[in-house]
Every structure is written in structure tokens, then in C-alpha cells.
Amino acid sequence: MSTGPGADSAPAPAAHNTPHTPKTRSSMFSSLKIRNYRLFFTGQVVSNTGTWMQRIAQDWLVLSLTGSSAAVGFTTALQFLPMLLFGLYGGVLVDRLPKRPTLLATQTAMGLTGIALAFLTLTGHVQVWHVYVAAFAVGLATVVDNPARQSFVAEMVGPGQLQNAVSLNSANFQSARLVGPAVAGLLITGVGTGWAFLLNGLSFVAPIAGLLLMRSSELNQVERAPRGKGQLREGLRYVAGRPELIWPIVLVGFIGTFGFNFPVWLSAYADDVFHGGAGAYSLFNTLMAVGSVAGALLAARRGTARLRVLIAAAVAFGVLEIVASLAPSYWLFAALMVPIGMAGLTVNVTANTAVQMGTDPAMRGRVMALFMMVFMGGTPLGAPVVGWITDAYGPRVGFAMGGVVSALAAATVGLALARVGGLRLSVGWHHGHPQVRFVPRERVLATAA
């Protein structure tokens with residue numbers, strides 16, 4: 001079994017004799033030439049914009065109803081708790097079920113949830129527990145929707161375009177952050193949060209239409225796993241035996257749990273530190289999206305997903321969060337959202353692509369469910385803790401703590417991958433500049449001799 005792209009930085013022991021695959025570059029938008037993926041991509045543009053509108057409106061509504069950052073963290077936790085509890089079972093189901101009908105069901109469920117929350121808010125009957133229930137309901141649909149969408153990409157584009165399509169998916173999602181928060185901010189200040197919820201619910205018409213218009217004959221057929229016992233354990237054993245899969249998943253677990261609690265931090269910075277209100281919160285999210293889009297488009301140009309890029313981006317992400325936590329002015333803090341978004345998106349895309357391309361197609365649903373479970377499902381554990389720290393010690397301490405944990409996790413996983421791959425740290429000079437990198441142990445010994 002090949003270790004998959006990215007493993008050249010720290011391959012599993014069995015992969016030492018695998019021939020080196022030269023780095024390739026693809027057209028930034030090459031996967032959009034495929035009709036089915038183009039329909040999927042277009043539908044997601046609309047739906048993702050609505051999703052970001054609802055996220056901003058949901059966080060602001062909870063903060064308005066309770067005045068508590070911890071309550072915002074609790075809402076985020078409820079939305080991701082189902083992934084933590086049931087994520088692996090969702091992956092088992094996805095490997096058994098046809099992907100397109102499954103996505104039709106999950107997208108419909110999430111659209112109806114948005115419409116229900118809109119009705120409660122617009123009629124003036126909304127209470128904070130309604131938002132909690134809606135967040136949990138969306139989380140339940142996500143348990144199946146996320147691994148199904150991740151796996152369905154490979155069926156639409158095939159292995160040759162997978163790296164490009166995964167990157168464009170991320171660019172799509174992050175581009176929606178440029179529009180969604182801005183529109184949400186206008187709606188919240190102008191007519192109220194209920195309209196943001198309503199538009200999100202209606203936005204799911206677009207991806208549902210796209211799925212219905214696809215041509216089944218043009219999908220790449222993937223053999224579905226038969227119903228049987230022990231499939232969950234089989235998936236866990238599969239990942240545990242492959243360091244090039246398990247270590248990136250461990251890293252995104254730490255970063256997802258402690259480094260991606262932006263609803264807690266940014267709402268607190270907007271309200272308590274800089275006193276900018278909903279407009280400031282919307283701006284912070286929009287600027288982060290600018291960096292995220294740039295990171296996704298750069299990833300779309302890369303032909304491989306290298307683990308050394310993952311580690312470097314994760315270290316940069318943690319360090320930038322620490323720097324931002326100390327920013328003394330509103331505009332400096334806002335400007336730092338751009339590189340934070342770029343580094344965070346690079347971590348997500350690189351880990352996602354490396355794991356997908358290193359996984360057997362018959363196992364992809366379970367492996368991607370595990371990936372999403374630790375990345376998103378860790379939030380229910382981290383968000384309340386981060387919310388409590390933010391309330392008790394201030395937003396700056398909470399933000400800095402997330403950065404420290406992310407940077408330490410990246411350094412630890414980088415050393416673990418280097419050890420697995422038989423790599424050692426090499427410090428030297430290259431064209432008159434200092435160079436620090438990991439190289440094979442044999443090369444270090446030969447240089448020393």
C-alpha cells in the first residue's frame with residue numbers, strides 16, 4: 001500500500017523504497033472542467049454563503065441573549081458534539097450508502113433547520129435554548145454530511161484531480177466567508193438576525209438542485225462496503241497502522257480543539273476589547289476569509305500535499321495567534337486575521353488532501369469521518385474551556401493559550417513524523433543563507449563522516 005502524497009517528508013518505515021514522485025503543478029481551476037463537480041461547486045458557493053451568515057448571526061444572537069462568551073462557546077460545542085459522539089458511525093454509514101442520495105437528505109435537513117430558527121426569531125419567540133437545539137440538529141446532520149461530501153469529491157473528479165478539487169472546495173467555503181459575514185453584519189444591524197437564518201435555509205435549494213442535475217454515468221464508481229460487523233474497528237486499525245495518516249489526524253485534532261475557537265475569541269475581541277460591535281466581528285471574520293482564500297488557491301496549484309508544509313503551516317498558525325493576542329490596536333489585530341486565515345486553511349487543506357489521497361477508496365468514508373471527528377468534534381471539549389478562560393482571564397489570555405497549544409502540537413507531531421521517517425534535523429547554509437530542514441539520517445551521518 002502506497003503511503004500517499006506528502007509522505008516523502010516523513011514516510012512510514014515500509015515506504016523507504018517507494019520511488020520519488022516528482023512535484024507537479026496543475027491548473028488552479030482544472031477540476032471545474034468536470035460537469036458534475038462544476039454543479040456541486042456552484043451549489044456549494046450559495047449554500048456556504050448562507051452557512052457563514054447563520055454562523056455569524058447565531059453567535060451574535062446568543063451573545064445578545066446571554067451576554068456570555070461561555071454561552072457562545074457552549075453553542076459551538078453543541079454544534080460539534082454529535083461529530084465527537086457519532087462521527088465514526090457516520091463514516092461507517094457513508095462507506096455503505098450511495099453518496100448522492102445521502103447528501104440530498106442531509107442538505108435538506110440542514111435547510112429546514114435554518115428555516116425553523118428563522119421562524120422563531122422573526123416571530124419574536126426565540127430563546128437561547130432554541131438556538132442550542134438548532135445547533136445540535138445541524139451537528140447531527142453534519143455527522144453524515146461531512147464524510148459524504150469529502151468522499152463524494154473523489155467520485156466526481158477521480159484521483160487525478162482530487163488535490164485540486166479538495167483545495168477548490170476549501171477556497172469555495174472560505175470565499176463564502178468574504179460575503180456571508182458582511183451580509184450577516186448588514187442584516188443584523190439593519191433588520192435582525194432572523195433574516196440571516198431565513199436566507200441560509202433557502203440557500204440549500206442550490207446544492208440540492210446541483211445534486212439532482214448530475215449525470216450518474218459520469219461519476220467514478222466506488223465499491224461500497226457491505227454491511228457487516230467490525231467495520232468501525234477495521235477503520236480504526238487501518239488508520240492506526242499508518243503513521244502518515246494518524247499523525248496528521250492527531251495534529252488537526254489539537255488545532256481544531258484549541259486553535260480554531262474563533263467564534264469565542266473574535267466575538268469577545270469585538271465586544272469587550274475594541275468595543276466595535278457586530279460590525280467589528282464581521283470584519284474580523286471577513287479578513288480571516290481573505291487569507292483563507294489565498295491559502296486555498298495556493299494549495300490548488302500544488303501537485304502534492306507534503307507533510308512538511310503541514311507542519312510549517314501549523315507552527316506559523318500557532319505563533320500568529322500568539323502575536324495577535326498581544327496586538328495593541330484594532331487595525332493591527334484585524335490585519336493579523338489575514339495571515340492567520342492563510343496558515344489555518346493551509347493546515348486544513350494539506351492534512352485533508354494527504355489523508356484522502358493516502359487512503360483506500362473503500363475506507364475513505366471511515367477515515368474522513370475520523371479526520372472530521374477529531375478536527376470538528378474536538379470543539380465541544382475545547383470551546384467551553386476556551387470560553388471559560390476568555391471570560392475569567394480575558395480574550396487576550398484565551399487567544400494566546402490557543403496559539404501556544406497549536407504551536408506545541410505542531411512541533412511535537414513534526415518530531416514524531418521525522419522519527420518515523422528516519423529523518424534528522426540538519427542545520428547549515430545554502431547560497432549564503434541559514435537553512436534548517438529534516439533530511440534522511442543516512443545523509444546526516446555521511447556529512448558528519
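User: Is Lys99 buried or exposed?
Analyst: This is a predicted model, in which local features need pLDDT of at least 70 and side-chain atom pairs count only at pLDDT 80 or more, while totals for chains, interfaces and linings use all residues. Residues are numbered from 1 along each chain as its sequence is written, and side-chain values use heavy atoms, with hydrogens and water left out. Buried means under 20% relative accessible area, exposed over 50%, and partly exposed in between (1.4 Å probe, protein chains only). Lys99 has 8% relative accessibility, so Lys99 counts as buried.

User: Which residue forms a salt bridge with Lys99?
Analyst: A salt bridge is a side-chain nitrogen of Lys or Arg within 4 Å of a carboxyl oxygen of Asp or Glu. For Lys99 the N to O distance is 3.6 Å, and the partner is Glu155. The pair links distant parts of the chain, 56 residues apart, with Lys99 in helix H3 (residues 99-122) and Glu155 in helix H4 (residues 128-157). Helices (H or I, at least four residues) are DSSP runs, numbered from the N terminus.

User: Where do Asp145 and Arg149 both lie?
Analyst: Their closest N and O atoms are 2.7 Å apart in a salt bridge. Asp145 is buried at 2% relative accessibility, whereas Arg149 is partly exposed at 23%. The two are four residues apart, about one turn of the helix, and both lie in helix H4.

User: How many salt bridges does the structure hold?
Analyst: Another pair is Glu218 with Arg215, at 3.0 Å between the closest N and O atoms. Counted over the structure, the number of salt bridges is three.
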